[in-house]
Amino acid sequence: MLELHGVSRTVKLDTTCLGLGTGMEGEPRAAGRAVTELHREDFTLTWQKMLAHGIGATIRIELDIQAVQTAQAGGTPQAT
């Protein structure tokens, strides 16, 4: 759920797992990517001045994500 300008909408993300690996200190890592497009009108963002200056009605959002697992003080792994 995404809320912008007081309007909440469900947003679907096109996700891709880019892989699993190990960092330089042996810590487990995972990488992924998520992409979506938002339509300004869906969130009541219809600024005529912005549209007149060439800013389109859709916004593309791309997320590149990397997760690293680290150890807590007691030596127990913890996801961050």
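Biologist: Is T36 buried or exposed in this model?
Modeller: In this predicted model, T36 counts as buried because its relative accessibility is 10%, and buried means under 20%.

Biologist: Which strand holds T36?
Modeller: T36 belongs to strand β4, which covers residues 28–39.

Biologist: And what does the side chain of T36 reach?
Modeller: The T36 side chain reaches the backbone oxygen of K12, at 2.8 Å.

Biologist: Which residues is T36 in contact with, leaving aside neighbours within four places in sequence?
Modeller: On that basis, T36 is in contact with V11, K12 and L13, and also with I59, R60 and I61.

Biologist: Turning to the surface, which residues form a nonpolar patch there?
Modeller: The patch is formed by L13, L63 and I65, whose accessible area together is about 260 Å². L13 is also one of the residues in contact with T36.

Biologist: Where does I65 lie, and why does it count as partly exposed?
Modeller: I65 lies in strand β5, residues 58–71. I65 counts as partly exposed because its relative accessibility is 48%, and that class lies between 20% and 50%.

Biologist: What about the whole chain: in which order do its elements run?
Modeller: The chain has one helix and six strands. From the N terminus, the order is β-β-β-β-α-β-β.

Biologist: How much of the chain is buried?
Modeller: Of the 80 residues, 15% are buried. The accessible surface of the chain is about 6,200 Å², with 55% of that belonging to carbon and sulfur atoms.

Biologist: What share of the contacts joins residues 24 or more positions apart?
Modeller: Such pairs account for 42% of the contacts with a separation of 6 or more.

Terms used. Residues are numbered from 1 along each chain as its sequence is written. This is a predicted model: local features need pLDDT of at least 70, side-chain atom pairs count only at pLDDT 80 or more; totals for chains, interfaces and linings use all residues. Side-chain values use heavy atoms; hydrogens and water are left out. Patches are made of residues with over 30% relative accessible area and no salt bridge: like charges are joined within 9 Å, nonpolar side chains (Val, Leu, Ile, Met, Phe, Trp, Tyr) within 5 Å. Accessible areas come from the Shrake-Rupley method with a 1.4 Å probe; for residues, only the protein chains shown count as cover. A salt bridge is a side-chain nitrogen of Lys or Arg within 4 Å of a carboxyl oxygen of Asp or Glu. Helices (H or I, at least four residues) and strands (E, at least two) are DSSP runs, numbered from the N terminus. Buried means under 20% relative accessible area, exposed over 50%, partly exposed in between (1.4 Å probe, protein chains only). A polar contact is a pair of N or O atoms within 3.5 Å; within protein, one must be able to donate a hydrogen and the other to accept it, and residues adjacent in sequence count only if both atoms are side-chain atoms. Contact means heavy atoms within 4.5 Å.
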